[in-house]
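Morning, everyone. Let's get the model up on the screen.

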Amino acid sequence: MENGNMKMETPTNVTIKGILGMLMANLDDDDEKKRRVISLGMGDPTAFSCFTTTCVAENAVVDALNSQKFNGYSPTVGLPQTRRAISEYLSIDLPYKLSPDDVYITAGCTQAIEVAISILATPNANILVPRPGFPIYDLCAAFRNVEIRHFDLLPDNGWEVDLDAVDALADENTVAIVVINPGNPCGNVYSYQHLKKIAETAKKHKIVVIADEVYGHLAFGPNPFVPMGVFGSMVPVLTLGSLSKRWIVPGWRLGWFVTTDPNGIFKNAKTVERLKKYFDICGGPATFIQAAVPQILKETSDAFFARTLGILKHTSDLCVKKIEDIPCLTCPTKPQGSMAVMVKLNVSLLKDINDDIDFCFKLAREESVILLPGLTVGLKNWVRITFAAEPSSLEEALERVKNFCHRHSYEPKGSFSLIQD
Amino acid sequence: MGMKEWKFRGNRDLKTASAFSIKRVLDDVKRNLDQSDGRPIIPLSHGDPSSFSCFRTTQVAEDAVVDALRSAKFNGYAPKGGSLQARRSIAEYLSRNLPYKLSSEDVYVTLGAKQAIEVVLSVLSRPGANVLFPRPGYPAYEAHAVLNHLEVRHFDLLQEKGWEVDLNGLESLVDDKTVAMVIINPGNPCGNVFTCDHLQKIAETARRMGILVIADEAYAHLTFGTNPYVPMGIFGNIAPVLTLGTLSKRWLVPGWRLGWIARNDPDGIFEEHGVVECIKRSLNTNTEAATFIQAAVPQILENTTDDFFVKTINTLREDADMCYEWLKDIPCFTCLEKPQGSLFLMVKLDFSQLQGINDDMEFCSKLAKEESVLLLPGFVLGLKNWVRVTFAIEPSALEDGLARIKSFCMRHANKQSNRDICLLI
């Protein structure tokens, strides 16, 4: 009898959903106070009613479905009107115009990542990926036999890329560097200058930049969102994006893979052929959802975007403020964008907690709060907190975290401590 | 700054894999279309009848999706493997035709049947492994086998036996590195429907060889001939089966991208051999079907009424009968089996009856050019000098297409044969 493919053993069997599933399984069903579970673990705010998509988007999809015109297969690279609409949407923020042919429609940004890694997978190739980062890169690379090398993001420097590390890691087999901006899991939004330096470094090493911009435009701090494609004439950039975050519809699975490469360095005829071939083989997203995209991109009001940013700014401020009151947690860099922040855990202040995994498991059990252990995203003894939540839920969750930490802290010497339960 | 200086290169596997692409071959055929021909193009080459109004999905399905979307409860991520309700309802739906009950744990929701193929083949990938595919077959299997570094071996389907599997031929292909075989039933491209006996023999052969069966049942229930649809899963206790299915064909919504993998393995052999774990891991890296479409599945599977299914079958039967009747009287077509299911039939070209046409690609290219009718050359499916005919279009359009094919064949007939026909009249 045959065995399944067991080549992906460590460490690439770690997924965010997997770890969160384990944490959920560890909840105390008999919580005396019968408190509700509050999960700040996943980049999916749809569980909270303050985060809803715009009815423009919903109506556009219903219209497309009811038209009866989109029940069949779309062209494998995507509907032409969808490609055109996205090329126009992205070109607004670029110094050059994208062509619809630069845009390939994918089933969510996850598939765009798959495309990027698959198209670059050659024997002995390696890709540079940030740490902390997004585990899907590691998983996809393992499946495609591409080596992953991690460079650090610097927590004391706004989570900027450690460019010296990049220089040290890149060799003749390196083909690409991944940049996630706005940042997941760190919540950073890189400055124009820093993005330029990254582009220059990539150019120096003759590698492409995979710009994961799934959180594109979700910037509420001092740095505006600058798409990496702005440097597309310096170095070829593969831009990945989706409707998921900005429109709060991760379940719709509508993303894009775009060659922001005005000099055509990457997108030569041969590579374009290979991209088309990839899409011929693998299926894309639902046709009627694709068909709704032009209307969605054109008619979503600024008010909707502003509202989302307003809530995110408010909840990120709230989050940072509450963290300041918790001695064992520190937030070195205030988040400027995306939906999550990385927070450092000082295990030495806690008497019976070994590491971030232990912390999160016990927290789930004792307080019915879910946070993501940093190990999942590459940083042990850190924790990722998704602040994209209902403000009152966020507040309550962090209050419970505070109580938890207090309960597990060493008592200060010579003082009488009131331990809250 | 030329390409040579940059260090990235394209993935060479993709080049090989894409040789197996119906779309590419059809693009080449379509290049011959004469733009100045005022007649409508008759596409007898596709696998997607949804653009024809006689093949419209049921309102139940559309309403179910709109309801799910409007509820605003399904805009978030679904769990990997699919939402519980979708998995449960698919398990119940499939169990109706099985002698045992599937649980939601046995079902994985995929982004169309295409992703189901992708996942299943990625799970089987190990150094040196080989898989057995039918010839003629469906090239997506070959493409994904290449991407997963699986060696492909082909067994024949025997036209003279109603396109049954050549079981002796199959056995001779098996060695200790063979991991699985694929059957497509109801059959694409042949339009055959296997009998219960034949499916049992396949299962017994698989068991003897120690391989699993991948049963591609995308066209399940789309039968209109004498053989009813029998799911391979009923023999899951003989050899473990992975059944691939989808809403696409029975509900005429290939663009919705909702498929599934079902484990028919009452003896738990998959679990024992690590296959279940691998399916889960493969799904971890993959993207998935839209959450609100998954949420609509229970309503779609439970509430679609029989009259919708009957209507589709009746139209297919009308088309299939018409197609068969016309083609059997055209001399350059031979080895024609009456289709019993799916949307297609395969027919062989007899070049002795044709002049100036030497292979299937040439036949289809000239037909496209002169008559604006599209057929699929069989070489891309593994049978050179055959053609696949999709009869699932509007009956009146089909009639038009068949008349044009006849006219084309007569025009290109070998003059000797023409003379013979004249003498007979």
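This is a predicted model: local features need pLDDT of at least 70, side-chain atom pairs count only at pLDDT 80 or more; totals for chains, interfaces and linings use all residues.

Residues are numbered from 1 along each chain as its sequence is written, chains are lettered from A and ligands numbered from 1 in the order in which they are written, and side-chain values use heavy atoms, without hydrogens and water.

Rings of Phe, Tyr and Trp (its six-membered ring) pair if their centres lie within 6.5 Å; planes under 30 degrees apart are stacked, over 60 edge-to-face, the rest tilted. That rule gives 25 aromatic pairs over all chains. Take Trp252(A) and Phe292(B): edge-to-face, 5.9 Å centre to centre, 75° between the planes. This pair crosses between chains, from the loop between β8 and β9 of chain A to helix α11 of chain B. Helices (H or I, at least four residues) and strands (E, at least two) are DSSP runs, numbered from the N terminus. Both Trp252(A) and Phe292(B) are buried, meaning under 20% relative accessible area with a 1.4 Å probe, protein chains only.

Next, Trp251(B) and Phe309(B): also edge-to-face, 5.4 Å and 80°. Trp251(B) sits in the β8–β9 loop of chain B and Phe309(B) in α12, so the pair ties together parts 58 residues apart in sequence.

Now the helix. α4 of chain B, residues 84-95, reaches 16 Å from first C-alpha to last, close to the 16 Å expected, at 1.5 Å times one less than its number of residues. Its buried residues include Ile90(B), Tyr93(B) and Leu94(B).

Key
Buried means under 20% relative accessible area, exposed over 50%, partly exposed in between (1.4 Å probe, protein chains only).
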